[in-house]
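Dear colleague,

I am handing over the structure we discussed, with the sequence alongside. Please look through it first; my notes follow below.

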Amino acid sequence: MSELIRFGVSLEKELLTRFDRHIRRERYPSRSEAIEDLIRKELIQKDWIEGKDVAGVVSFVFNHHKRDLVSHLTDIQHGFHALIVSSQHIHLDHDNCMEIVTARGSSKKIKKLSEMIRSHKGVKDCHVTLTTTSRQPAED
Ligand code: NI
């Protein structure tokens with residue numbers, strides 16, 4: 001086993017409460033093991049998908065009362081029109097909308113699209129899920 005390094009992490013209280021609930025549900029023995037698992041999953045997916053043509057879904061939530069935000073998010077998507085296959089808009093409640101954008105092409109471009117959306121102030125949550133039909137590396 002390689003050397004263990006201890007480091008501090010600051011999180012919003014509410015997020016940590018939710019994370020602790022997740023830890024209990026998934027029966028992780030400790031926060032450290034749960035965080036280690038998240039890091040591994042993230043790095044493995046990145047390694048696996050690097051440089052390949054993939055299909056991906058970018059989903060995000062935003063406040064639709066912020067008109068500038070709505071139009072900026074649309075502008076960003078038009079900048080990636082060749083990549084985007086479809087987009088779906090869901091009115092979640094009085095204030096919030098969710099968009100689900102399906103894209104197909106280079107993983108780098110899909111990541112770029114998700115980064116541009118995520119970095120926009122007012123976007124509450126942005127996730128990207130990438131998938132590929134290439135064979136997964138064999139588990140050993
Ligand atoms: Ni809406």
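In which helix does Gln77 lie? Gln77 belongs to helix α3, residues 67-78, where helices (H or I, at least four residues) and strands (E, at least two) are DSSP runs numbered from the N terminus. Please bear in mind that this is a predicted model, in which local features need pLDDT of at least 70 and side-chain atom pairs count only at pLDDT 80 or more, while totals for chains, interfaces and linings use all residues. Residues are numbered from 1 along each chain as its sequence is written, and side-chain values use heavy atoms, with hydrogens and water left out.

The protein chain has 4 helices and 4 strands, which follow one another along the sequence as α-α-β-α-β-β-α-β. Of its 140 residues, 26% count as buried (buried is under 20% relative accessible area, exposed over 50%, partly exposed in between, with a 1.4 Å probe and protein chains only).

Gln77 is one of the buried residues, because its relative accessible area is 10%. Leaving aside residues up to four places away in sequence, Gln77 touches Phe60, Ile84, Ser87, Glu99 and Val101, a contact being heavy atoms within 4.5 Å. Ser87 is 10 residues from Gln77 along the chain, and their C-alpha atoms are separated by 9.2 Å.

Turning to another helix, Arg21 lies in helix α1, residues 13-25, and Arg21 counts as partly exposed because its relative accessibility is 42%.

Across the protein chain, among contacts between residues at least 6 apart in sequence, 64% join residues at least 24 apart.
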